[in-house]
Amino acid sequence: MMRLSKPITVGHTQRPVCLPPYGMNLKGGTPLVVTGWGYTEERGAVSSVLQKASVALIDRSVCSSREVYGPAITPRMVCAGFLDGKVDACQGDSGGPLVYLSNKWQLVGVVSWGVGCARKDRPGVYTNVDEMLNWVYTVMEKNR
């Protein structure tokens with residue numbers, strides 16, 4: 001989290017993202033979007049323009065299975081991407097947003113880690129914002 005010294009300018013090309021409601025409980029397969037300036041491919045180069053990728057939420061039971069990441073996946077994590085690879089966040093995207101569009105953009109994850117980029121059975125792992133909402137609101141309240 002950051003505390004800004006002055007308000008940001010919001011316009012057509014810059015918009016804030018909303019925090020999700022508690023217990024949003026998105027289902028596996030829900031379409032999400034991840035953005036960043038990271039590598040455009042594993043062992044590649046960083047992008048000079050903001051990249052956007054459409055990914056799908058992966059059920060926790062699938063992501064924490066032995067074939068994927070096993071017990072490394074905790075409740076504070078969500079997985080998104082595709083088990084056959086092809087589309088993923090990559091090095092340099094860490095800290096970027098994973099968002100869901102309902103009637104407004106909502107932040108459901110923050111790019112965290114993965115094994116390589118867009119590898120089979122190695123989807124992206126994101127901080128689960130729903131699990132962090134109490135902390136976020138506590139910090140916001142203390143720093144008003």
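Author: Here are the labels, each set against its cut-off. Keep in mind that this is a predicted model.

Reader: How do you know that Tyr22 and Tyr137 form an aromatic pair?

Author: Ring centres must lie within 6.5 Å to count. Those of Tyr22 and Tyr137 are 6.1 Å apart, so the two rings pair. A search of the whole structure finds 2 aromatic pairs.

Reader: What parts does the pair tie together?

Author: Tyr22 lies in the segment before strand 1 (31–36), and Tyr137 in helix 2 (residues 129–142). The pair therefore links parts that are 115 residues apart in sequence.

Reader: Why does Tyr22 count as partly exposed?

Author: Buried means under 20% relative accessible area, and exposed means over 50%. Tyr22 has 49%, so it is partly exposed. Tyr137 has 35%, so Tyr137 gets that label too.

Reader: How do you know that strand 4 and strand 5 pair?

Author: Pairing needs at least two bridges. Strand 4 (residues 97–101) and strand 5 (residues 105–113) have 5 bridges, in the antiparallel sense, so they pair. Pro97 stands opposite Val110 in strand 5.

Reader: Which strands close into a barrel, and in what order?

Author: There are 6 strands, in the order 1-2-3-6-5-4, with antiparallel pairing.

Reader: Where does helix 2 pack?

Author: Helix 2 packs on the sheet, touching strand 5 and strand 6 (124–128). Its direction makes about 30° with that of strand 6.

Technical notes:
Residues numbered from 1 in each chain as written. Predicted model: local features only at pLDDT ≥ 70, side-chain atom pairs only at ≥ 80, totals over all residues. Heavy atoms only, no water. Phe/Tyr/Trp six-rings, centres within 6.5 Å; stacked < 30°, edge-to-face > 60°. Helix = DSSP H or I, 4+ residues; strand = E, 2+ residues; numbered from the N terminus. Buried < 20%, exposed > 50% of the residue type's maximum accessible area, 1.4 Å probe, protein only. Contact = heavy atoms within 4.5 Å. Axes fitted to C-alpha atoms, helices over the stretch in contact; angles between N-to-C directions.
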